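Reader: Hello! I have a new structure to look at and would like to learn how to read it. Could you walk me through a few features?

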Amino acid sequence: MDEKPSARRGPDVCSLRYGLAVVMHLSNLSMITQRVSLSIAIIAMVNGTQQPAPANASADRPLQDPSGPIGEFHAGSSVYAWSPETQGILFSSISYGILLTLIPSGYLAGIFGAKHMLGAGLLASSLLSLCTPLAADLGVSLVMVIRVAQGMAQGMAWTGQFTIWAKWAPPLERSKLTSIAGSGAALGSSLILCVGGLISQALGWPFIFYIFGGLGCVCCLLWFTVIYDDPMGHPCISLREQEHIVSSLAQQPTSPRRSVPLKAMARCLPLWAIFSGFFSHFWLCTVIVTYLPFVAASTCTVLGGQLADFLLSRDLLGLLTVRKLFSALGLLLPSLCAVALPFVASSYMTTVVLLILIPGTSNLCDSGFIINTLDIAPRYASFLMGISRGFGLLAGIISSTATGFLISQDSASGWRHVFFLAAAVNLFGLVFYLTFGRAELQDWAKERTLTRL
């Protein structure tokens, strides 16, 4: 059934719910900058122009060479003898931490509320970022521990956001609100890639962690001030906006749930369609890592959300049609660009344009299957988002491994095979979602009413 939500409207951009979206946008921006900080700072932390470490030097201890380039900019910054293998472990350790808390935090946020759990995750991640330079001086093992703990904190903060939107986002505004909030991650990636090197050069690499860790602490103050789990409990919300949100979600079950219908979820094809979409989406996104695409991704995320809700509010398309349309655009268009890349390698400008379009068009999925759990199971949205992101991280791991294998076989044709494989995975996810995707509330997600005799 292709449902069309009620077109009743409330206060728009100046409303409190849009303030929540902006705060989440800033929070997501700060978290992604903290996640990427080490990737930028590592260039100065293990500066290759430094003199080689003595044979008996410990990899945990810093090397000081004030006469080197880093010393010219910031004499107090340490340089470490970390091997490439050690650096790889440091980069991946935060992902392992995220995996540990994705699903549990989504479940707990649905029971106990997301405000305090997400706020605690953001605060912990920010404080750990501030402590990273000191930890590097104390030893690489401590840096690994901090990165894992930071990943666990960020896993808490990522998944529970849908618990808030299940109670704050009217059906006709879900795409807009979630896209504004989610675009902070893409914008944050672009921001730190643009300014991280400048900060390291001008102030020293520790200030990358200090600045973005401090930004996260500021976002925590906004979070605990502005964010509330339920519009009914917010002290600053207007009566008109409160009535608009509550009335638009009147038919949606939102009471806390203690048990999760795992068997019913495992048999639910519309849910597996969402998982397949996440897997396909993250597979290709893992391959594209330059900073210009993140600007395009952030822009397309917001514009896609605006267009999706415009189509719904004007009754031009039904909810299921909108979800499948934006999923198709977000999976098909980047696949076509990826397939075209090997054939335009001789044209620098065309290659750059395609590399920008791939993640840009890919983020149109944010108005498709990525928020589909809010349609089919709002009571379990954060729990299901944790599982969905788990599929995404799994795709990233497999994609990275497959990419390395294909390129090692033949560097000339390896990248062509990489893009062809990514396009094939995207097309599989698209066909599966178009076939089994749904937008109506599932039976297992409905609230059960008990009648006492």
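Author: Gladly! Let us begin with a term: a residue counts as buried when its relative accessible area is under 20%. Keep in mind that this is a predicted model. Here D375 is buried, and R323 is buried as well.

Reader: What do the side chains of D375 and R323 meet in?

Author: They meet in a salt bridge, with N and O 2.7 Å apart. D375 belongs to helix α15 and R323 to helix α13, so this pair ties together parts 52 residues apart in sequence.

Reader: How many salt bridges does a search of the whole structure find?

Author: The search finds five. In one of them R17 pairs with E173, the closest N and O atoms being 2.6 Å apart. R17 lies in helix α1 and E173 in the loop between α6 and α7, so parts 156 residues apart in sequence are tied together. R17 also forms a salt bridge with E241, at 3.1 Å from N to O. That pair links helix α1 to helix α9, 224 residues apart.

Reader: Is R17 buried or exposed?

Author: R17 counts as buried because its relative accessibility is 0%. E173, at 2%, counts as buried, and so does E241, at 3%.

Reader: How are two packed helices described?

Author: By the angle between their axes and the distance between the axes. In this model, α1 and α7 pack at about 30 degrees, with axes 6 Å apart. Angles under 35 degrees count as roughly parallel, and α1 and α7 are therefore roughly parallel to each other. Their contact has 17 nonpolar, twelve polar and two charged residues.

Notes: Residues numbered from 1 in each chain as written. Predicted model: local features only at pLDDT ≥ 70, side-chain atom pairs only at ≥ 80, totals over all residues. Heavy atoms only, no water. Axes fitted to C-alpha atoms, helices over the stretch in contact; angles between N-to-C directions. Helix = DSSP H or I, 4+ residues; strand = E, 2+ residues; numbered from the N terminus. Parallel < 35°, antiparallel > 145°, perpendicular 65-115°, else oblique. Nonpolar A, V, L, I, M, F, W, Y, C, P; charged D, E, K, R; others polar. Salt bridge = Lys/Arg side-chain N within 4 Å of Asp/Glu carboxyl O. Buried < 20%, exposed > 50% of the residue type's maximum accessible area, 1.4 Å probe, protein only.
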